Amino acid sequence: MNSVLQARAPATPVLSAHDITVCFGPRTVLDSLSLDITAACWTSIIGPNGCGKSTLLKTLAGLIDPQGGTVALEGRPLNAWPGRERAKRVAWLPQSTMASDLTVRDCVALGRFPYTGWLGNTRFADEEAIARALKATGAAEWSARRVSTLSGGERQRVSLARLLAVEASILLLDEPTTHLDPPHQIDIASILRQQAHRRGGIIVSAIHDMSVALMADRVIVMGPRSLVGHGTVSEALEGDWLSRAFGTEISIVRSGASYVWQPRLPG
Amino acid sequence: MSTSRLIAASELHNSAQRDSNARVTRWMLIYIVVALALAAMSLLVGTSSLRTSLEWLRSPASISEAVLWNIRLPRALGAWLAGALLGLGGAIAQNLFRNPLAEPYLLGSASGAALGVTVCLMAADVSLSGLAWMGELGVTGAAFVGAAAGITLTLTLCRGVVQTASLLLAGVVVAFLLSAITSLLLLRSPDTWRAMQSFLLGTTGFLGWRSAGLLAFVFVIGLIPAVLLSRGLDTLTLGEDTARSLGLPIGALRVGLLALLSLATAAAVSQAGIVGFVGLVAPHLVRESVHVNSRQLIIAAPLCGGVLLQAADLASRWIIRPSELPVGIVTACLGGAYLVVLLWRRAQRE
């Protein structure tokens, strides 16, 4: 049993944002937003385009210093952590993938940078982490290929493998399923769920496909600039948070074990 | 997954990795062997005939010793070192700016060096006290100061090293500005202009033991930190934000790499003038022949650049012997031709 799962009951927040405000020039993207991320589960951030999902993830990852408020990791302000110590605990996946000229394996191995440092000598534990990440994402079979020769979907998996190789307790993912066909989206979703449930990881992802996003355990629903709600998927549906966030009626129907968004043209 | 299977998978990978490393090592050895062969050949080529050179080698006398060991050998060594520094600068620039067209002269170092030399020559021309002052600093020192000033101006214009695009843009602006000032100064003094020609075209003719020593010193103190920082360059290929999320101190890495780039370029330019194309072509040649990671590129590109400039130096002495061409013209012809071939091959592939 994982220690994070055992510690679920007396929840001290692992990652908590307090009153954070982020502005880009005159535009306020996040306005005094507070958020605690505690449980080992998969959380989806849902909200309309431009509501600040990516900005929130980047701020939680320590890539953006908020103009107001603080983000704390294990009770200590994020910007007070040494870079590589923070990186061992919080891993972040960007929205777009880079066409690197490295081999898939070398690329995934870069995820071990917080452990291997500048010289990059991998120990046994690093090799194991790399092999596990390649296996979990199904990228092992291309491990000797150049990333630049892969298709968009394959690159996405390599990026995910690079993220998993860090073996951080908190994984922040910005649109991990874009450019993927539906079956591959499901593959990624099941990897995320597995990471949360079997390995006890804290997963926060922004996924714009509503049906995939609602496969998560919990949701953070964001309207323009502010938080609509943070809770379980059923709480969100009962409270009709999605319609409030998008400012239009969003109808979700239950189909078996999953939720499906039902698009409807007006009139 | 069981540990044994994990290890089996990593073994499989390691053997592929070993193959690839062996290929890289083979290419590096080839570059070294070619460099040694070229050095031997360059002992034989000069104003004397081949036969005389061979006789000198067989039966040493004081005059032959002076020509072979104090002129031709340091020149061959210096050419290799200057080319190696340009190759190192090119490898750093292309990786740091993540742009295959980046080259060591991008940040205004070449135009700064040219301006420095122009000012130096003019001051020597204008007054005796200027000559004395400039004599202390020397043309070499003036080129070095000019190159450093050019780079500093570029960094000041874009207020630091944060944005790659604005850094490149500022470099272009500074290069044009300093070249314009140089041209203006040269227009007013035709004598200086003639003296400047060989510097602007690049020349290996003035490389002696002192230059070779200076270049070797800079090469060693530039290469070691570059190799140590190469892991950071690999991580940068994932994008700057991802690199930061992995705990890489991007700002410090950029400052360090820019310092190395400036040092390597300023040293090469101060000794051999503005030799074009070597810094641009050497990393490309390496990448076209073998797949490398950043660390391998940082080591292989200087080996390749050294060979390129050595070969160009030899050709510049051979083509119209006993007279010689400015080496910059040879590198421009060879480098330009290579880039055209590269373009054609790319076009065919697509």
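For chain A of this predicted model, the radius of gyration is 18 Å, and since a compact globule of 267 residues would come out near 18 Å, the value agrees with that expectation. Taken along the principal axes, the C-alpha atoms of chain A fill a box of roughly 55 × 45 × 40 Å, and the chain carries 11 helices and 12 strands. Of its 267 residues, 46% count as buried, and if we take the contacts in chain A between residues at least 6 apart in sequence, 66% of them join residues at least 24 apart.

Turning to the core, the largest nonpolar one has 179 residues, and among those with the most contacts inside it are Val108(A), Leu172(A), Ala82(B) and Cys304(B). The largest share of this core, 14 residues, is supplied by helix H3 of chain B, residues 62-96. To take one example, Val108(A), leaving aside its neighbours within four places in sequence, is in contact with residues including Ile130(A), Leu134(A), Val158(A) and Arg162(A).

Now the contact between the chains, to which chain A gives 30 residues and chain B gives 24 residues. On the side of chain A that touches chain B, the elements giving two or more residues are helix H3 (83-89), strand E6 (90-93), helix H4 (104-109), helix H5 (113-116) and helix H6 (124-137) of chain A, with H6(A) providing the largest share, five residues. By class, that side of chain A has 16 nonpolar, four polar and 10 charged residues.

Notes:
Residues numbered from 1 in each chain as written. Chains lettered and ligands numbered in written order. Predicted model: local features only at pLDDT ≥ 70, side-chain atom pairs only at ≥ 80, totals over all residues. Core = buried A, V, L, I, M, F, W, Y, C linked by C-beta atoms within 7 Å. Buried ≥ 20, exposed ≤ 12 C-beta atoms within 10 Å, placed from the backbone. Helix = DSSP H or I, 4+ residues; strand = E, 2+ residues; numbered from the N terminus. Contact = placed C-beta atoms within 7 Å. Rg over C-alpha atoms; globule rule 2.2 N^0.38 Å. Nonpolar A, V, L, I, M, F, W, Y, C, P; charged D, E, K, R; others polar.
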